[in-house]
Amino acid sequence: MTVGIASVEIATGVIAGRIAAGARAIRWLDDRDPRGAAVLGAIYGATGRAHIVGITGPPGAGKSTLSDMLVAELRRRNRRIGVIAIDPSSPFTGGAILGDRVRMARHTLDPHVFIRSIGTRGAAGGLSRSTHDAALVFDAMGYDIVLIETVGVGQDEIDVVNLAHTTIIVGVPGLGDEVQAVKAGLMEAGEIFVLNKADRDGYEAAHRQFGLMLHLRANARPDDSWAPPLLRAVASRDEGADVIADALEAHLAHLKAGDGFARRSGRRACAQMVNLVHARAAAALLRLPEATRLLDAVSACEIDPYSAAERLLAGSRNDSEGAA
Amino acid sequence: MDTPVERPLRILLAKLGMDTHTVGVTIIAHALREAGMEVIFTGLKQTPEMVAAAAVQEDVDVVGISTLSAGHMRNLPKLARLLREAGAGDKLLLAGGVIPQEDKALLTEAGVHKIFTMGADTREIVAYLRGWWTERQAADAA
Ligand code: B12
Ligand SMILES: Nc1nc2c(ncn2[C@@H]2O[C@H](COP(=O)(O)OP(=O)(O)O)[C@@H](O)[C@H]2O)c(=O)[nH]1
Ligand SMILES: [Mg+2]
């Protein structure tokens, strides 16, 4: 009851673009407070306009610094920007030190920039559990662009491509063999490639390697209508933001010229529903008394986990048929 | 509810002005992380205005300022006022560092809820925050 009133008030604030309301909505969603889901339901109709942009790459590649300069450039172009900066939570304590704001301090007092730090809280894949929801809140608040900085990722932690309309992959020279590591997952994803730290030794070699990789990717996908650009940046000196912003605009135009924008938004919503069903269905099943019994048996090695899982699922199927 | 509510305490840690003493704030950040809290670090050279704005955007429960270079009598009362003006007066405001005994009463009156100075045991700080957080959540639930 108070849940309802509070949620309506926050939802109204979100749609009016009020920062405190957006901040509270994201907190509820991150905490899995039931009021969060109520807010999402109420604001959903106001979403769908924002250009959702992911920035991903290895730890220390300069993602935060790059986000900072990109925000500055996009502000020059009069865009309003929400930033979601994700850092890892400790798998042991659940605690986190979220430090991405340090590199974006110059935007703190800009009323058209909203920066939110989020811990992964157990999620794998480079995002947090609540990233999708936070992006929706920013979208409903009227931000033109939602920039998502993932945690530093390895090869296959690229969930952000399912969430973003455009993903920027950040590489750096001097990693040598690590480029090999990057190629496997990261080079297959992404629409814009940025080679940051171009002031470092090894830039030319890294540029050649990335170029080759993109060439191979293009050959493997003759139907791709978007050719990912490979751009140069020195984020610590604010160099390269203009071409990256141009590329973002070009990719957005490309998506909107076809049905790409709507298709990606739809794909994202479907992925979110699938996630929710996975989480809720699993939680519901594991709450059954039968689950506790089976877990005890598995833990005592009296039954193998495959058979136990099968039995739990079979039991719930019988239940729902019985109820029908 | 289907999924349990999980509410780790969120705290913003900042240093104001030209104060570059970083050892204390770093120790506190790590101690709180080990205690399962989410620490948002804004870095050095912050103004009270920046801290207040960041505290609202991050929707933290606690704002912690580490101050060792004598700016506290100017900065902390201003920060407390800005937080109230931003509708964030319910956040707990903590300070630590080099704060002379004779300044403490004035700071408390100005809205700093608790002060930890040199030699403060991090376990004591963690225990204080946990106690406060338990009470706050109980009050919110009521
Ligand atoms: C190390 C040190 C330095 C180092 C700092 C290195 C670094 N990267 O941090 C260097 C040499 C660079 C330095 C420089 C200066 N320093 Co100096 N420095 C110190 C010293 C000796 C120790 C500070 C320290 O690291 N303590 C260890 C940590 C763990 O303790 P702490 O910070 O107090 O933190 C504890 C508690 O206070 C609390 N806490 C701290 N922050 C927070 C925050 C929260 C939220 C909470 C809950 C708790 C909490 O928990 C911590 C754990 O117990 C102090 C002396 C002293 N007695 O403090 C002087 C001191 C702080 N420095 C001083 C001065 C004047 C300077 C300088 C201006 C010039 C000078 N005389 O050297 C410069 C300028 C620096 C600047 N621009 O700010 C004075 C400040 C005087 C004042 N405030 O009135 C002091 C007090 C020395 C003195 N007695 O004169 N300094
Ligand atoms: N030399 C150089 N250093 C950079 C550049 N961009 C970022 N850095 C530095 O690289 C380090 C990591 O940057 P950060 O943005 O935190 O990386 P993230 O972990 O990917 O977010 C910082 O010390 C930055 O100052 C660059 O273009 N050139
Ligand atoms: Mg970062």
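This is a predicted model: local features need pLDDT of at least 70, side-chain atom pairs count only at pLDDT 80 or more; totals for chains, interfaces and linings use all residues.
The contact draws 35 residues from chain A and 32 residues from chain B.

Polar and charged interactions run between the two chains. There are 17 residue pairs in polar contact between chain B and chain A, counted where both residues have pLDDT 80 or more. The salt bridges between chain B and chain A number 7. One of them joins A:Arg121 to B:Glu38, with the closest N and O atoms 2.6 Å apart.

On chain B, the side that touches chain A receives at least two residues from each of helix 1 (23-34), strand 2 (38-41) and helix 2 (48-58). Helix 2 of chain B gives the most to that side, with 7 residues. By class, the side of chain B that touches chain A comprises 14 nonpolar, 11 charged and 7 polar residues.

Strand pairing also links the chains. Strand 2 of chain B pairs with strand 3 of chain A, residues 96-98, in the parallel sense and over 3 bridges. Within this pairing, A:Ala96 stands opposite B:Glu38 of strand 2 of chain B.

Methods: Residues are numbered from 1 along each chain as its sequence is written. Chains are lettered from A and ligands numbered from 1 in the order in which they are written. Side-chain values use heavy atoms; hydrogens and water are left out. Contact means heavy atoms within 4.5 Å. A salt bridge is a side-chain nitrogen of Lys or Arg within 4 Å of a carboxyl oxygen of Asp or Glu. A polar contact is a pair of N or O atoms within 3.5 Å; within protein, one must be able to donate a hydrogen and the other to accept it, and residues adjacent in sequence count only if both atoms are side-chain atoms. Helices (H or I, at least four residues) and strands (E, at least two) are DSSP runs, numbered from the N terminus. Ala, Val, Leu, Ile, Met, Phe, Trp, Tyr, Cys and Pro count as nonpolar, Asp, Glu, Lys and Arg as charged, and the others, Gly among them, as polar. Two strands pair if DSSP finds at least two bridges between them.
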